[in-house]
Amino acid sequence: MAERKIKKSVDKASLDMMEKAARDGVTTAFDRAGEMSQCAIGAAGSCCKNCGMGPCRVLGVKGEEEAARGICGATAETIAARNFIRMVAGGAAAHSDHGRGVAELFLAAAKGKAPGYTIRDEQKLLQLALEWGVEIGERSNQEIAVDIGEIALAEFGKQEGEIRFLSRAPLKRQELWRREGVAPRGIDREIVEIMHRTHIGVDQDYHSLLKQGVRAAIGDGWGGSMIATELQDILFGTPAPVLGRVNLGVLKKDEVNLVIHGHEPLLSEVIVAVAQDPEMVSLAKAKGAKGINLSGICCTANEILMRHGVPLAGNFLQQELALVTGAVDAMVVDIQCIMQSLPDIAQCYHTKIITTSPKARIPGALHIEFDEHNALEGAKAIVRTAIENFPNRGNNIDIPKEQTDMVVGFSHETINYLLGGLFRASYRPLNDNIINGRIRGVAGVVGCNNPRTTHDSDHTSMVKELIKNDVLVIQTGCSAMAAAKLGLMTPEAAAKYAGEGLASVCETVGIPPVLHLGSCVDNSRILMAATAMVKDGGLGDDISDLPVAGAAPEWMSEKAISIGQYFVASGVFTVFGVTWPTLGSDEVTKHLFTDFEAAYGGIWAFEPDPIKAAHLMISHIDKKRKALGIDKARERVLYDMEMRRELESV
Amino acid sequence: MDYEIEEKGAPNREKVEVLGATYEAGKPDGEDDGRWRHKLASRDEKLRYLRSGERYWYGKDWYGSEKRKNPA
C-alpha cells in the first residue's frame, strides 16, 4: 500500500472530519487516493482503449523516436490528442446537457407547463430578445420566453451556420474563429464529431484532432454553458451581491440539515422555497428540530448561494466529510461530481442520500425523480424525507466550528452596474485602473479539488499570491469556495491580503479583491467580463490583448479541460496544476503549450507549484501590459503655451 | 446616528476637525441589500438600461473599441 506523502488539506474543518472518519472506520477519497497510485500511462494520455485490439500503451517522449505504435498504427501523438479531445467532449457534453435541461425547463415554464417556475428577471429576458431578434412590442413575458426557449433549444442540434452567442465575442475574436475554421456549427454536432474522429481509423493528425477539440470547447463556453447561465438568470434571477457563509460549520446541531449537491439548480430552487414553507417548518418542529437548515456542496450550492445566500457546506472533497459530521439528515444530489461512495458512508450514520436525475442514479440511494411538471411535490417529498429522518440521528455527531463570511453575487451585469452605476454602467473604472497600474491585471482562478494535491492549498496559495501582486481575481466553482473559506471574499480582505493598488480600488468600489462569479457553467460570465473589458476600450481589441490569465490549480474533471480549452480558444493564457493529460507526447504538449498562441492568441501551461503558476500568470500579464504600452508609469506633464507651440512646430 | 469627528493636520495649516467615516456597524442582514435590478421597474426602463448600460451589445451607436466601418 503506497503511503500518502502530501498533507491532505489546509482546511481545519476537513482535517478534523478526516480524523473522525478514521475513528468511525469510514474511508474517504483522501484515503483512496493514498492507497491507489495514479496509472502513469493513463495520466500521460498514452493509453488508447478505443478499440478491442488494445488497450495499447504508446509513449512518445523525445529521444525515443522509435517508440512503438498502437496495433492500428496510431502514434503517441494521435493517441494523446484523441484522449485529450475526448476529455473536452466529456466536459462540453456535461455543461451542454445541463444547458439543454435548463432550456427544456425554461420552455415548459414559458408555456405554463412547469408550475412553480416563472420569469424572475424580465431584463435578462429582454436582453436575449434584443440579441436574438425576438419581437418585444407589447407581448407578454411568457410569449417572448416561448420564442427564446425554442431558439435556445435549437442551438444544441443546429447543423450549420454558427452558434448565436459567438456574436457576443469581440469582433476580432469572431474573425479569428472563422479564419481558423473553429466557429462551432451546433453545440451537439461538435461533440459528436469528436467521438467520430477519435474512433479507430478516422482522424489521425493531431493538429486536426486538437482543432476539433477547440471547436467543441467554444461550443461549450460560448454555447451550452452560456445558455445555462443566461436562462437560469431569467428563471431564477441574475445574481447581485449577497452575504453568505462557507464551510462545514454552517451545519446546525439542532435543525434538520438538508444538503444540496450537484450542478443543476432546477430542483434546488424549489427546495429553497419549500424549506421555508410554514407547513414544513412546523413538521420539523414537531420532530424536535428548531427549523430546517439548507446548505450546499459543489455548484448547485454556488447557484443557490449566488441567488439566495444559502450557505455552502463545502466543495467537492468535502461531500463525504459533510456526512461524517453525523448531522446531515438528507443529501439531495442532481448531476456531476457526486461520489458513488456517498450511500456507503451514509450507512455508517443515518443520512438519506436522494438522487433526483434520471441521468445520475446511484445504487443504495433513494430515488425521487425530478419532474418539472410537478417540481413542488418532488421538493416537498425530499424536504419531508429529511425532516422525518431527523429523529434517527445518533449521538455520534461532531460539527466543526469553522465557517467564514463571504460576499458573493458578482455577475457580469452586477460588476457593470457596481463600476458605473445605473445611469452609466461601465467597465471603464476597471480598465482605467488597469491602465494606470493600480490593478496589474485580472486572473480567473477556477476548477475542482483533487486529492492528488493538498485540498484547497493550491487555490488559496495561488489566489493570495495574485492579489498580493495587484491582480484582481475572479472565481467560480470549488476554487471559489476554497478562497472563501480563507476569508478572501470579504471587502476587508483587500486591506489584509491585496497589494496597495488593488486594495485602494477595492476599498473605493467596496468590493472584495476576489470576486465570486458562480458555478462552473458560469465561467461564461468570465468570458462576458473579458469581452466587456475589450469593448470598453484602451486594452486592445481582442481578449488575447488583455492583461489577463486563467488557472485551474486543483483540476480533476473533464469539464475543467473543456473550460480551459475554451479559455485558451478565447485568447487566454491558462495554467493547470496537479497533472497534465498529454505528457505522453512531447509534440502534442508543445503544440498546446506553444503553437496554439500563433493560432488563438492563448496557450495552455502546466505548473503544479501554485506560486510558480501564479508568477507564470503575472509574467504573462506583464507581457501583455508591455505590448499595450502600459507597463511603465508615465510622467504627467502640464503643457504651457510655449511647449504647445514647440509640439505644433514638429 | 453619532457622527465621528476626526482631527486632521496639514503642513503650514492649523489642525481642523473634519467629519470622519460614519457608518452603521455590523453586517448587512437583509437579502435584498445588494439587489439593484428592481430599481428598473418598467419594461421601457429596462430596455433603455440595456441600450445604455450594455451599450456595446445592444446600443445602436456604440461599438466601444471596436467601432469600424465594416462589421466583422
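1. Let's start with two helices. H9(A), residues 206-236, packs against H23(A) at an angle of about 100°, and their axes are 8 Å apart. Keep in mind that this is a predicted model. Those two values are what you want here, since two packed helices are described by the angle between their axes and the distance between the axes.

2. How are H9(A) and H23(A) oriented to each other? Angles of 65 to 115 degrees count as roughly perpendicular, so H9(A) and H23(A) are roughly perpendicular to each other.

3. Now look at who touches whom. From H9(A) come Gly213(A), Val214(A), Ala217(A), Ile218(A), Asp220(A) and Gly221(A), and they meet Ser562(A), Ile563(A), Gln565(A), Tyr566(A) and Ala569(A) of H23(A). Sorted by type, the residues of this contact are six nonpolar, four polar and one charged.

4. Next, find strand E14(A), residues 548-552. Is it mostly covered or mostly open? Mostly covered: five of its five residues are buried. In a regular strand the side chains alternate between the two faces of the sheet. Here Val548(A), Gly550(A) and Ala552(A) point one way, while Ala549(A) and Ala551(A) point the other way.

5. E14(A) has neighbours to check too. Strand E11(A), residues 441-445, runs parallel to E14(A) and is joined to it by four bridges; Val445(A) stands opposite Ala551(A). Four bridges also link E14(A) to E15(A), residues 573-576, again in parallel, with Gly550(A) opposite Thr574(A).

6. Finally, follow the chain from E14(A) to E15(A): it passes through H23(A), residues 558-569, in a right-handed β-α-β crossover.

Methods
Residues are numbered from 1 along each chain as its sequence is written. Chains are lettered from A and ligands numbered from 1 in the order in which they are written. This is a predicted model: local features need pLDDT of at least 70, side-chain atom pairs count only at pLDDT 80 or more; totals for chains, interfaces and linings use all residues. A residue is buried if 20 or more other C-beta atoms lie within 10 Å of its own, exposed if 12 or fewer, and partly exposed in between; C-beta atoms are placed from the backbone. Two strands pair if DSSP finds at least two bridges between them. A crossover is right-handed if, with the strands pointing away from the viewer, the path from the first strand over the helix to the second runs clockwise. Axes are lines fitted to C-alpha atoms, for helices over the stretch in contact, and angles run from 0 to 180 degrees between N-to-C directions. Angles under 35 degrees count as roughly parallel, over 145 as roughly antiparallel, 65 to 115 as roughly perpendicular and the rest as oblique. Two residues are in contact if their C-beta atoms, placed from the backbone, lie within 7 Å. Ala, Val, Leu, Ile, Met, Phe, Trp, Tyr, Cys and Pro count as nonpolar, Asp, Glu, Lys and Arg as charged, and the others, Gly among them, as polar.
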